[in-house]
Amino acid sequence: MTLNPEGALDIDPLLDDPATRIVVCCGSGGVGKTTTAAALGLRAAERGRKVVVLTIDPARRLAQSMGIDSLDNTPRRVKGISPAGEAAGGELHAMMLDMKRTFDEIVEAHADKGRAEAILGNPFYQSLSAGFAGTQEYMAMEKLGQLRSRDEWDLIVVDTPPSRSALDFLDAPKRLGSFLDGKLIRVLMAPAKVGGRAGMKFLNVGMSMMTGALGKLLGGQLLRDVQTFVAAMDTMFGGFRTRADATYKLLQAPGTAFLVVAAPERDALREAAYFVERLAAERMPLAGLVLNRVHGSGADQLSAERALAAAENLDERRIVDQTDGKEEGRATPEAPSPEAPSGPEPAPTDPDPSTEHPSTEQLTAGLLRLHAERMRLVAREQRTRDRFTALHPEVAVTEVAALPGDVHDLAGLRDIGDRLAAGGTPAGAAS
């Protein structure tokens, strides 16, 4: 982590440091983690690093922005890196976590062929690998460990899962370990360990009440599937815990840097503050906070109050200057001449409002009110950030100005990378 005198986060020294091997982008949902991870990966590659970006975002925006038709569980090289970056040896690869395929790979790598086939075909395993609570987070950790062990890339950028809580990524290994060490698993595993008739006797005597209750709740076939799964997975449970512990220690290592990503909103920064405290408690290296979608104004010398006062003055002057259609001192119209046709005079016609164009004063007043709203938003975001900074003055911060639209290509990601490195664009450069 590199701090400049103002306490801002210097991104480029972090990415350039060969000792930095893993960057983890974390935070609550919808704050721009995927875009941040992709922009960091692109910037690092164009500065000479060999990078792989691992995303768990199901929206597939990362593939689209990198010009790849689709991402899967295999890293794919991204074309379009700047020639200067390629000349320096830079490469960018990207992949999207396939939770079930990663689980299958673990089984295939750590079980003999016959047992692997039994596990992969087990209905309970298929359900567990596709959607068990915490499986996605655990498999993200598992895939990170696999990528790091291959030593094919010198930098791995991780986009953490869009979980309900940003803490799920850190808690997943412990939750899976608790599941594997749970009483139900140990009881179901016991008959397989005892084996033979003794095992069946244990199952019939020691589990008669439990299996009866579970059979009614889950169905007898599901219970048998669970028991078969546990028996086949018995030799692999220790491996799950061992690899989870190893990956957890990898996240604590000096070569790892966590970037907490947030928006300048109360709930997002509250979650960010909680995550900062949790990282400190777990002794995990925090690089800093990326504050996305920060609003500014190129006319911030004009306060919201002055803008509203000016708009009101314009409105009042426009109302005062309007006439009622009678000019002062105008002569009384003469009586109609004898040649004029007789009959009632036509009623005066009111102007059609739809054909009227707003005056310069009206347009100016409207723009002043829009400016006042923007300045109030800027002030609110600044107060929110100030509260976070007061709680965590030690956390380095870089700001990224809000953009008028989504990022769809490498040029957009390159722009985001520039803004990350600069600590945000000057006020008013982006809406």
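**Overview.** I started with burial: 43% of the 431 residues of the chain count as buried, where buried means under 20% relative accessible area, exposed over 50% and partly exposed in between (1.4 Å probe, protein chains only). Residues are numbered from 1 along each chain as its sequence is written, and side-chain values use heavy atoms, with hydrogens and water left out.

I then looked up the secondary structure and found 18 helices and eight strands. These are DSSP runs numbered from the N terminus, with helices being H or I of at least four residues and strands E of at least two. For contacts (heavy atoms within 4.5 Å), I noted that residues 24 or more positions apart account for 79% of those with a separation of 6 or more.

**Confidence.** How far does the predictor trust the chain? The average pLDDT, the predictor's confidence in each residue from 0 to 100, is 77, and 70% of the residues score at least 70. Where pLDDT is low, the predicted coordinates should not be read in detail.

**The sheet.** I traced the eight strands next. They form an open sheet with mixed pairing, in the order β3-β4-β2-β5-β1-β6-β7-β8. Two strands pair if DSSP finds at least two bridges between them. β3 (76-77) and β8 (397-401) stand at the edges with a single partner strand each, so one side of each has no neighbour in the sheet.

I followed β4 (residues 91-96) residue by residue. Which of its residues are buried? Six of its six are. E91, H93 and M95 point one way, while L92, A94 and M96 point the other way. On pairing, β4 runs parallel to β2 (residues 50-55) over six bridges, and I picked out V51 with its partner L92. With β3, β4 pairs in the antiparallel sense over two bridges, and there R77 has H93 as its bridge partner.

Further along the sheet, I checked β1 (residues 22-26) against β6 (residues 256-262). They run parallel and are joined by five bridges, with C25 partnered by L259 in β6.

**Core.** The largest nonpolar core has 93 residues, and M66, L92, L251, F258 and L289 have the most contacts inside it. A core here is a set of buried Ala, Val, Leu, Ile, Met, Phe, Trp, Tyr and Cys residues joined through side-chain atoms within 4.5 Å. I listed the contacts of L289 beyond four places in sequence; among them are V260, A262, F388 and V397. A second, separate core of eight residues includes A311, L314, A365 and A372.

**Helix α5.** This one (residues 99-110) has twelve residues and reaches 17 Å from its first C-alpha to its last, close to the 16 Å expected at 1.5 Å a residue; the expected span is 1.5 Å times one less than the number of residues. Its buried residues are M99, T102, F103, D104, I106 and V107. D98 caps the N-terminal end, with a side-chain oxygen 3.4 Å from the backbone nitrogen of K100.

**R21 and D151.** Is R21 buried or exposed? I read it as buried, because its relative accessible area is 19%. R21 lies in the loop between α1 and β1, and its side chain makes a polar contact with that of D151 at 3.1 Å. A polar contact is a pair of N or O atoms within 3.5 Å; within protein, one must be able to donate a hydrogen and the other to accept it, and residues adjacent in sequence count only if both atoms are side-chain atoms. Other contacts of R21 include R49, W153 and G255.

D151 sits in the loop between α8 (135-150) and β5 (155-159). D151 has a positive phi of about 55 degrees although it is not a glycine. Most residues other than glycine have a negative phi. I logged R293 too, with a positive phi near 60 degrees. R293 is in strand β7 (residues 286-294) and is partly exposed, at 42% relative accessible area.

Technical notes. Predicted model: local features only at pLDDT ≥ 70, side-chain atom pairs only at ≥ 80, totals over all residues.
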